[in-house]
Amino acid sequence: MLATSKTKICIIIGDPVRHSLSPLMHNHAYKQTNLEGKFIFIAARVKNKQLSTVFPALKHMQVQGITCTAPHKQTVIKYLDQIDSTASIIDAVNTVVKEKAGYKGYNTDWLGVVDPLEKLTDLKNKKIALLGAGGAARAAVYGLLKKGARLTIFNRTQDKAQKLVEEFAAMAKYKAKSAGLDELSTIPNYQIIVNTTSVGLKQDKSLIKPDWLKQNHIVFDAVYSEAGTRLINDAQAKKAQVITGKEMLLYQGIAQYELYTGQKAPVQAMKNILNL
Ligand code: ATR
């Protein structure tokens with residue numbers, strides 16, 4: 001079915017955005033659930049300084065769903081009419097939905113971290129090394145602490161990791177710890193490794209030396225690369241279990257689809273189109 005004047009528009013905004021697989025994943029899901037023509041998902045490159053004009057315009061246009069990616073996940077909050085309590089704690093929004101009372105911001109990124117890990121293991125009391133303390137790390141810290149993991153946040157700028165520890169201290173039984181990258185040689189002592197730094201995004205590099213990886217590690221790289229990141233490839237060479245950035249995209253997208261359409265997501269179809 002073709003789009004009509006009644007078609008509900010969903011859009012991903014970010015800079016850059018051309019690499020995004022969200023339109024493909026959502027449009028394929030609409031097709032599988034007979035929502036093709038009722039919903040359409042598009043992408044637009046929106047630079048930082050354009051958000052103040054673009055976001056209010058999207059609201060005027062009555063756009064149904066607005067997916068926010070870097071660099072807008074925190075700056076978008078000031079344009080929202082409401083924010084969900086989880087997104088407020090994480091202090092980042094990746095999903096904005098047109099609701100009766102206005103545009104409400106949600107965060108589904110934390111599910112993108114927690115759901116694929118929970119398919120492999122129970123997170124309670126697991127020793128987890130989280131690399132990074134930026135925007136992506138915030139959702140991961142929230143989700144992993146909520147599930148009762150014992151977390152150490154490693155970051156190049158350790159002060160930022162310590163700030164995250166303090167910020168989330170109230171919500172968890174086990175206070176997270178912070179560490180600098182010079183302490184990464186302790187990686188063999190952890191059960192799960194989660195990379196949220198941008199290392200590996202543009203270069204074939206990893207912060208983790210292959211020698212530190214073991215077969216019984218679970219290695220999650222939020223960075224997505226079709227060829228596999230260095231970290232994922234090194235972990236696979238050690239026969240460790242791996243979770244890629246594409247799986248994070250899928251699981252945050254499942255929750256997002258349900259918020260935009262009010263229907264259950266066609267999980268298998270979404271996996272298929274992402275080759276997962
Ligand atoms: P995102 O929203 O994707 O998390 P971000 O907020 O810019 O992006 O955070 C990027 C993360 O990658 C930070 O933890 C950053 O470390 P600093 O806080 O010290 O800047 C980390 N990072 C980026 N480039 C890095 C590099 N070359 N080596 C180590 N860490 C790096």
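The following legends describe close-up views of a predicted model.

Residues are numbered from 1 along each chain as its sequence is written, and side-chain values use heavy atoms, with hydrogens and water left out. Because the model is predicted, local features need pLDDT of at least 70 and side-chain atom pairs count only at pLDDT 80 or more, while totals for chains, interfaces and linings use all residues.

**View 1. The residues around the ligand.** The ligand is surrounded by 14 residues, a residue being near a molecule or strand if one of its heavy atoms lies within 4 Å of it. The closest are Ala136, Asn155, Arg156, Thr157 and Lys160. By class, the shell consists of 5 nonpolar, 7 polar and 2 charged residues. In this division Ala, Val, Leu, Ile, Met, Phe, Trp, Tyr, Cys and Pro count as nonpolar, Asp, Glu, Lys and Arg as charged, and the others, Gly among them, as polar.

View 2. From the side chain of asparagine 155, an N or O atom is 2.7 Å from an oxygen atom of the ligand. Arginine 156 places a polar side-chain atom 2.9 Å from a ligand oxygen atom. Alanine 133 takes part through its backbone, with an N or O atom 2.9 Å from an oxygen atom of the ligand. Taken alone, the ligand exposes 650 Å², of which the protein buries 66%; accessible areas come from the Shrake-Rupley method with a 1.4 Å probe, and for residues only the protein chains shown count as cover.

View 3. The largest pocket is where the ligand sits. On a 1 Å grid over the protein atoms alone, a pocket is an open set of points with protein on both sides within 12 Å along at least five of seven lines, whereas a cavity is a set of points where a 1.4 Å probe fits but cannot get out; lining residues have an atom within 4 Å of a point. A molecule sits in a cavity or pocket if more than half of its atoms lie within 2 Å of its grid points.

**View 4. Threonine 7 and its side-chain contacts.** Threonine 7 belongs to the segment before strand S1 (8-14). Helices (H or I, at least four residues) and strands (E, at least two) are DSSP runs, numbered from the N terminus. The side chain of threonine 7 reaches the backbone nitrogen of threonine 4 at 2.7 Å. A polar atom of that side chain also lies 2.6 Å from the backbone oxygen of glycine 37. Threonine 7 is buried, at a relative accessible area of 11%; buried means under 20% relative accessible area, exposed over 50%, and partly exposed in between (1.4 Å probe, protein chains only).

**View 5. Two cis peptide bonds.** Aspartate 15 and proline 16 are joined by a cis peptide bond with omega of about 5 degrees. Proline 16 is located in the loop between S1 and helix H1 (22-32). The bond from alanine 70 to proline 71 is also cis, with omega near 5 degrees. Proline 71 is located in the loop between strand S3 (65-68) and strand S4 (82-83).

**View 6. Asparagines with positive phi.** Asparagine 34, a residue other than glycine, has a positive phi near 60 degrees. It is found in the loop between H1 and strand S2 (39-45) and counts as exposed at 64% relative accessibility. Asparagine 275 has a positive phi of about 55 degrees. This asparagine 275 lies in the segment after helix H9 (267-273) and is exposed, at 63% relative accessibility.

**View 7. Residue pairs separated along the chain.** Alanine 255, in helix H8 (residues 245-261), is buried with a relative accessible area of 17%. Leucine 145, in helix H5 (residues 135-146), is buried at 6% relative accessible area.

Notes:
Polar contact = N/O pair within 3.5 Å; in protein donor to acceptor, adjacent residues only side chain to side chain.
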